[in-house]
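Morning, everyone. Please look at the sequence and the structure on the screen. I'll be quick.

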Amino acid sequence: METDDVSVREQLFHDRVREIIICVQLFVCLYILSYLILTHFKKNAEFVTDDVEDATVNRIVLWLCTFTLSVAVCAVLLLPISILSNEVLLTFPQSYYMQWLNGSLIHGLWNLVFLFSNLSLVFLMPFAYFFTESEGFTGSKKGVMARVYETAVMLLLLCLLVLGIVWVASALLDHNTARENLYDLWEYYLPYLYSCISLLGVLLLLLCTPLGMARMFSVTGSLLVKPRLLENVEESVDCALFEEAALSQKLNSGASCWQGLNLQAMKSEFVSVQAMRKALEMRRNASPWQRNLGYPLVMLLLLALTVVCALMVCFHVLELLFDESAMPRHMEDPHLGLASFSVFGSLGATVQVVLILYLMVSSVVGFYSSPLFSSMLPRAQDTTLTQIIGNCVCLLVLSSALPVFSRTLGITRFDLLGDFGRYNWLGNFHIVFLYNVLFAGLTSACLINAVTWALQRELIRAFGLHRLPFTMARSAVPFRLLLASGLSKIQ
């Protein structure tokens with residue numbers, strides 16, 4: 001009996017060590033990827049300064065931002081990894097090489113992401129911001145440690161302020177519960193704070209994702225070669241070359257005659273003409289398959305993903321009215337390998353993973369396309385550390401809310417693990433139902449608006465109406481005019 005107990009303890013020990021090794025390997029890979037991304041966008045002048053102290057502080061802040069971004073990427077991959085792990089165990093239930101993939105490992109990943117998300121949002125990112133702005137207390141010896149002391153004091157004051165605000169808010173909403181848990185910091189106030197942050201992230205996803213779905217068509221279209229539709233590309237290239245040569249001659253010969261804004265305007269016009277000429281040359285040199293088949297297929301794929309996502313949300317709205325199990329809930333043990341999380345089996349689970357990743361990409365595109373956050377868009381080799389900190393915080397808020405967002409909309413039936421399912425507002429039927437209705441309505445409106453705008457814009461450009469010397473409103477171009485112009489071009 002004692003030998004059996006020892007063997008069980010050894011097995012548990014080896015399983016735990018194996019899970020730690022897998023988690024560390026995954027995090028190291030994501031950390032390296034995040035570091036490469038941040039070094040591509042960071043402003044090199046901030047790290048190559050004569051002040052050794054500033055350079056050291058900037059490097060430490062960059063490491064903290066890299067940690068935060070790697071946690072954000074891991075939060076994005078939580079649901080896809082969990083869903084695919086379940087399908088792999090269903091496909092190979094008795095495989096010796098898949099024994100490391102189990103519910104304990106997945107549950108541990110969810111707990112670690114929740115812990116590191118809290119740590120990054122509440123401590124690391126505020127510390128990084130205060131660290132870059134600190135100079136040390138007046139009269140103290142200058143150095144990195146003086147900045148650390150000042151940053152620690154500022155962070156402590158910020159934590160006290162935030163906890164006071166959370167206590168007041170919880171007391172206003174539920175006075176009796178707040179009074180009973182007055183000193184229960186770890187079990188009540190920190191989860192309550194993160195529940196508020198998660199609600200903010202889910203609301204941000206509600207606004208950014210439909211906008212991003214509409215913008216995905218134009219963003220993807222700018223990266224692909226569009227098909228020729230009643231357009232002479234050779235003529236357009238010749239016109240762009242002629243205009244570029246004329247602007248270049250003006251800039252080279254009469255640069256001294258141009259002053260101030262006129263010179264800047266001419267330079268910006270020259271750059272835009274040069275970019276247009278390169279795009280036209282790329283379109284001319286593209287193969288017929290790439291030009292005539294690639295662009296329509298990608299557009300149809302984006303349209304199909306958006307329509308499927310909207311239909312799934314509409315179906316989930318009906319489920320919420322008749323089935324209590326459609327509500328998002330907490331799950332202690334994932335029980336992987338017993339049943340698929342989709343009624344269509346592995347194919348449905350794959351579609352769920354693609355939709356979850358598509359929602360995340362759309363939310364990021366919509367976030368940076370919104371007028372409120374467009375100024376935060378990072379630029380290659382020209383992004384300051386303050387901007388990097390702000391971008392990492394926003395991306396972490398969006399990505400940590402993605403599992404709750406996907407489950408609330410019914411994109412997947414994989415219930416939330418760890419503390420992700422313990423948010424106070426998840427059990428409120430009215431909030432969840434209203435959220436689904438708003439998302440379906442906003443997505444449908446943005447999709448219809450984007451498709452009709454894009455179709456009319458391409459028709460106007462194809463029929464040559466964009467060369468008219470006046471600006472026309474959308475309703476000012478009747479369909480009969482488009483048909484008449486198109487028929488005259490064909491003849």
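Which residue just after α12 takes a positive phi? Glycine 410 does, at about 80°. Keep in mind that this is a predicted model.

Let's stay with α12 for a moment. The helix covers residues 402-409 and is mostly covered. Eight of its eight residues are buried. They are Leu402, Pro403, Val404, Phe405, Ser406, Arg407, Thr408 and Leu409. Note that Arg407 is among the buried ones.

Next, a helix pair. Helix α3, residues 103-133, packs with helix α11, residues 385-400. The angle is about 170°, and the axes are 10 Å apart. Angles over 145 degrees count as roughly antiparallel, so that is how α3 and α11 run relative to each other. Who makes the contact? From α3, the residues include Leu121, Met125, Tyr129 and Glu133. From α11, they include Ile389, Cys392, Leu396 and Val397. By class, this contact has ten nonpolar, five polar and one charged residues.

Now the second largest pocket. Its volume is about 690 Å³. The lining has 23 residues. Nearest the pocket centre lie Ile37, Leu69, Val364, Tyr368 and Leu395. Which elements give two or more residues to this lining? They are α1, α2, α10 and α11. The largest share of the lining comes from α10, with seven residues. By class, the lining has 18 nonpolar, four polar and one charged residues.

That's my tour. Over to you.

Key: Residues numbered from 1 in each chain as written. Predicted model: local features only at pLDDT ≥ 70, side-chain atom pairs only at ≥ 80, totals over all residues. Heavy atoms only, no water. Axes fitted to C-alpha atoms, helices over the stretch in contact; angles between N-to-C directions. Helix = DSSP H or I, 4+ residues; strand = E, 2+ residues; numbered from the N terminus. Parallel < 35°, antiparallel > 145°, perpendicular 65-115°, else oblique. Contact = heavy atoms within 4.5 Å. Nonpolar A, V, L, I, M, F, W, Y, C, P; charged D, E, K, R; others polar. 1 Å grid on protein atoms, 1.4 Å probe; cavity = no way out; pocket = protein on both sides within 12 Å on 5 of 7 lines; lining within 4 Å. Points joined across faces, edges and corners; volume = space filled by probe spheres on them. Buried < 20%, exposed > 50% of the residue type's maximum accessible area, 1.4 Å probe, protein only.
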